[in-house]
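The following note collects comments for a colleague who is reviewing the coordinates. Each numbered point treats one site or element.

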Amino acid sequence: MVRAFLIAVLLSFGPTVSNSFARFAYALVLPAMRDDLQLSYSQAGWLNTANAIGYLAGAMLTWALVTKTGNRLLFSAGMVLTAGALLATGMTDSLALLSTARILAGVGGAMVFISGGVLSGNILPSRPELATMTILVYFAGAGIGLMLCGVAIPLLLDARGNEAWPLAWLAMGWTSVAMTIATVWAASRIEEPQAGTGSASWPSGDFLPQLGAYICFGVGYIAYMTFVIAWMRDNGSGTGQVIAVWFVLGLATLVAPAVWTRPCARWPGGRPLAAVMTVLATGAMLPAVSAAPLPMVASAALFGIAGFSAPSAIGAFVRKALPKQAWGSAMAGFTTAFAASQIAGPILTGMVADQFGSLRPGLIASALVLLLGAVIALGQKERRHGVAAVA
């Protein structure tokens with residue numbers, strides 16, 4: 001049991017690299033990059049849209065290859081690609097090259113996130129009742145990266161100035177190289193879920209409410225994670241407040257497994273995802289109400305508790321509903337829908353901000369989309385592998 005938990009923790013460095021570093025740390029570096037490179041909100045949003053395009057391509061690639069290559073190979077290749085892309089981001093100030101690096105980081109990140117999520121459910125194949133816990137530990141690993149970035153990046157930029165933003169990417173890149181070594185070792189100790197006989201196909205029509213809700217998740221959460229720090233800076237928040245908010249966001253992500261393990265394992269149908277998205281919507285709305293320290297910390301706590309629990313809820317549902325051979329294909333399918341939905345979010349939010357001179361309208365819209373997703377998720381019927389769907 002101790003060895004299995006260690007493997008789950010080391011595997012959780014995957015989301016640290018693929019999401020906390022390659023995706024969400026951009027929000028922390030964005031104000032400095034905007035200032036040093038003279039980027040508009042639209043251009044700033046584009047760089048995260050580029051990452052989302054790569055994420056979609058990576059999800060589709062995983063969907064196409066997972067039944068042939070297995071999850072372990074895709075996970076390891078994704079880690080190497082993401083670490084390399086992070087290093088490349090810190091080596092150029094060209095918008096075109098930055099866009100390319102962000103795309104490649106998205107491709108690798110999707111491979112890591114999907115394949116690692118599948119592997120995390122098979123760490124203890126002889127103890128299936130513990131799979132929900134290991135899945136949640138895996139996704140909660142993003143909290144490690146959020147906390148590291150939340151402290152280190154603002155302090156670095158405060159001490160060295162906005163022109164030091166490449167150093168932030170280089171630091172994350174070299175840290176990712178070390179984490180790649182640890183995660184590849186952990187993945188090699190997990191039995192491949194694709195092994196054995198059985199079909200990898202899955203009845204996507206029976207999962208439409210979950211898919212619809214997950215699309216709303218992709219649209220809704222990305223505006224917050226892209227622009228929340230810029231919103232704080234625009235409203236006069238200092239470095240200490242930024243550190244506090246991002247640190248709380250990461251800490252709440254680490255606490256999330258204790259909150260959601262029982263609901264994800266026991267609540268039927270789409271109720272776990274609906275609850276997660278209701279908490280997310282509340283957290284997303286608070287900054288639009290007030291950018292004062294207390295509402296922002298409360299917002300970060302709610303968003304951290306629920307942010308990575310949406311894919312956890314999907315992963316737990318897929319594991320209950322489908323045979324092992326279909327897990328990788330189903331998770332890739334869900335992630336493809338999610339990735340496609342988030343592509344427009346950052347650039348559209350940036351365009352709205354440029355038009356209105358404020359990020360508030362985009363933040364409000366994202367919260368409403370998340371709330372819509374919660375309602376849609378309630379329509380998902382319970383499914384158990386080998387058991388007919390029930391309401």
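1. Apart from neighbours within four places in sequence, W246 is in contact (heavy atoms within 4.5 Å) with F24, A27, L28, L146, C149, G150, M225, V228 and I229. W246 lies in helix 10; helices here are DSSP runs of H or I with at least four residues, numbered from the N terminus. Its relative accessible area is 1%, so W246 is buried (buried is under 20%, exposed over 50%, partly exposed in between, with a 1.4 Å probe and protein chains only). W246 and G143 are 103 residues apart along the chain, and their C-alpha atoms are separated by 9.7 Å.

2. On the basis of the values: this is a predicted model, in which local features need pLDDT of at least 70 and side-chain atom pairs count only at pLDDT 80 or more, while totals for chains, interfaces and linings use all residues. Residues are numbered from 1 along each chain as its sequence is written, and side-chain values use heavy atoms, with hydrogens and water left out.

3. Helix 10 (residues 239–266) also contains L254. L254 has a relative accessible area of 36% and is therefore partly exposed. Together with F247, L251, V255 and V259, L254 forms a nonpolar patch on the surface, with about 370 Å² of accessible area in total. Areas come from the Shrake-Rupley method with a 1.4 Å probe, and for residues only the protein chains shown count as cover.

4. S115 belongs to helix 5 (residues 95–120). S115 counts as buried because its relative accessibility is 0%. A polar atom of the S115 side chain lies 3.1 Å from the backbone oxygen of M111. Beyond the neighbours within four places in sequence, S115 is in contact with T62, N71, L74 and F75.

5. Helix 13 is mostly covered, with 13 of its 13 residues buried.

6. Most residues other than glycine have a negative phi. Q38, although not a glycine, has a positive phi of about 55°. Q38 sits in the loop between helix 2 (13–37) and helix 3 (41–69). With a relative accessible area of 61%, Q38 is exposed.

How values were computed:
Patches are made of residues with over 30% relative accessible area and no salt bridge: like charges are joined within 9 Å, nonpolar side chains (Val, Leu, Ile, Met, Phe, Trp, Tyr) within 5 Å. A salt bridge is a side-chain nitrogen of Lys or Arg within 4 Å of a carboxyl oxygen of Asp or Glu. Helices (H or I, at least four residues) and strands (E, at least two) are DSSP runs, numbered from the N terminus. A polar contact is a pair of N or O atoms within 3.5 Å; within protein, one must be able to donate a hydrogen and the other to accept it, and residues adjacent in sequence count only if both atoms are side-chain atoms.
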